[in-house]
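Have a look at the chain first, then read on.

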Amino acid sequence: MASNLDTSSYLSPTMNGSGIMSSSLSSLSSSVSSARHSSSSNISKAYRQASTLFLTRRLPEALSTVLPLITPSPSDSATPGDVASGAAAFDPAPVAKASRSTRIKVWSLYLTILNAVLDLNSDEGKDAFGTQEWRALCHKVREGEVWEEVVRNGYHGSEGDVDADVVINLATLLLGHAKTQTLNQKRLENYLAAARTPNLDLTDRLGGGPAGSASSAFLARPSSKSGAAGHGADTPRDLNARVKILELYTLHVLPRNDEWACAREFINMSAVLDDERKEAFIQALDSLKGEQVEAERKAREKEDAIRRDIENARKLRAENEEKEKKRLEEERQKREAAASTAVSVGSGPTTEGDFGVDGGSAVKGTGTGTTKKPSLKKKASSLKNGGASSSSASAKPARPSRKGASSPNATKTTGSSSSVVASPGMGTRASLILNNIRSVLDQVMTAFHGNPFLLYRTLAFIVGFLLMFSNRRVRERITRVVQQGWGKVRATAGMGMKVSYI
């Protein structure tokens with residue numbers, strides 16, 4: 001009994017120490033689990049709030065709500081100076097410590113908000129976020145910096161640890177907004193090279209007991225530092241996500257970079273796709289290639305049609321200009337012909353009187369008579385004294401210089417000169433007036449045909465003139481002005497006649 005008591009007394013302190021350790025470990029695990037639970041609840045609460053703001057199209061508030069979940073925060077030991085200088089240590093972002101489903105939800109919401117921000121036009125984006133912030137967000141997405149942000153803040157910089165659903169959202173975002181797909185192709189290739197191929201063979205893990213399954217699951221999940229994906233890649237859901245990534249890579253990204261042969265080879269050499277999926281992918285790739293060729297053909301045809309239309313329009317304009325030049329030349333020739341005809345008809349036969357030569361000045365006497373030149377002084381005086389004296393002087397025959405000149409010769413000379421100087425008759429003058437009137441009417445009609453608005457302006461002027469004269473005061477004023485002017489003209493003419501008489 002004593003030995004038993006002594007043994008029990010020796011064993012009791014050890015049993016008490018193990019109880020204390022177990023109680024401390026249990027309290028520590030409970031505190032860690034409670035901290036995780038509180039952090040997860042905070043993330044879920046912020047996620048729900050950001051989702052509500054996004055659904056109500058309050059994009060700035062939604063983005064500001066989700067940013068603290070994906071941004072690393074400075075550690076508690078960091079000083080403000082270290083934070084300002086950038087040398088402070090940062091704790092991982094809250095989303096990096098969350099569960100897989102929460103992590104996917106948060107990153108998917110963030111990428112969706114960015115997609116909605118880039119769908120805004122320039123004015124709406126600047127009004128909502130400000131010019132500088134909106135341009136920074138657009139630059140982040142279009143240059144592919146958002147992919148690096150997700151890998152660094154959410155997955156500790158490991159490319160292969162990124163969740164497949166997040167990779168799909170990233171690739172889709174860059175497909176819609178990136179300037180080129182070169183960076184998208186490079187990122188997808190890095191992910192496919194770093195991530196582990198899904199293994200759907202579950203016999204090894206289902207063969208043992210619970211301890212064996214736990215150990216095999218632990219061995220099948222290497223750490224993220226080794227470069228393999230360690231978050232449940234051996235499920236049908238992950239296989240479908242991998243197929244979706246391959247679809248984006250081979251049927252969207254590579255064709256956008258004109259790497260059709262590389263896409264076909266990748267599909268044929270893929271170990272994830274079965275024969276049925278490979279055939280479907282090849283058919284889709286051929287269809288996309290045909291659509292691109294057809295689109296290029298239609299674009300070329302459209303360009304050729306536009307070029308032909310431009311050439312036809314240029315030719316038509318040249319033809320119209322040539323026709324217009326010909327029409328103007330023909331009209332000019334017609335006007336010149338009409339003017340020359342009017343001048344030839346109005347001038348009449350050329351006589352010696354047109355050159356200032358008297359009819360009997362160059363007549364030779366038959367007998368002893370000689371030539372008689374007209375007296376220029378007498379002719380000038382007759383022109384100055386008036387038309388009556390000049391006409392009477394010209395009607396008289398030139399008197400011979402000698403008294404012995406025979407009258408028959410003088411009579412002959414006078415008759416011949418009168419026949420040459422004879423003016424055109426009434427019929428010629430009437431035809432000349434009619435020709436002038438006709439040429440004027442032709443010119444007016446040509447002007448009206450060339451410029452129809454001239455006729456409208458003429459009619460408007462006539463109507464305005466008639467309306468103006470319909471006013472009695474205007475008529476009286478115009479009559480008074482005309483009478484005053486006519487009186488001044490008569491007074492001027494009278495003074496002129498008095499001066500000429502003097």
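R332 pairs with E336 in a salt bridge, with 2.5 Å between the closest N and O atoms. (A salt bridge here is a side-chain nitrogen of Lys or Arg within 4 Å of a carboxyl oxygen of Asp or Glu.) Both residues sit in helix α14, 4 residues apart, or about one turn of the helix. This is a predicted model, where local features need pLDDT of at least 70 and side-chain atom pairs count only at pLDDT 80 or more, while totals for chains, interfaces and linings use all residues. Residues are numbered from 1 along each chain as its sequence is written, and side-chain values use heavy atoms, leaving out hydrogens and water.

**Salt bridges**

- R332 is partly exposed at 33% relative accessibility, and E336 is partly exposed too, at 43%. (Buried means under 20% relative accessible area, exposed over 50%, and partly exposed in between, with a 1.4 Å probe and protein chains only.)
- R187 and E148 also meet through their side chains, at 2.7 Å from N to O. R187 belongs to helix α9 (residues 182-194) and E148 to helix α7 (residues 145-154), so this pair ties together parts 39 residues apart in sequence.
- R187 is buried, at 13% relative accessible area, whereas E148 is partly exposed at 34%.
- R472 and E476 form another salt bridge, 2.9 Å from N to O. Both are in helix α20 (residues 472-501), 4 residues apart, about one turn of the helix.
- Salt bridges with shared partners link R100, R103, D163 and D238 into one network.
- The total comes to 17 salt bridges.

**Negative patch**

- D274, D275, E276 and E279 gather in a patch of negative charge on the surface. (Patch residues have over 30% relative accessible area and no salt bridge, with like charges joined within 9 Å; Asp and Glu count as negative, and the charge is placed at CG of Asp or CD of Glu.)
- D275 lies in helix α14 (residues 275-347), and D275 is exposed, with a relative accessible area of 64%.

**Whole chain**

- The protein chain has 20 helices and 2 strands. (These are DSSP runs: H or I of at least four residues for helices, E of at least two for strands, numbered from the N terminus.)
- Of the 502 residues, 24% are buried.
- Accessible surface comes to about 34,200 Å², and carbon and sulfur atoms hold 59% of that. (Areas use the Shrake-Rupley method with a 1.4 Å probe.)
- Among contacts with a separation of 6 or more, 65% are between residues 24 or more positions apart. (Contact means heavy atoms within 4.5 Å.)

Terms used
Patches are made of residues with over 30% relative accessible area and no salt bridge: like charges are joined within 9 Å, nonpolar side chains (Val, Leu, Ile, Met, Phe, Trp, Tyr) within 5 Å.
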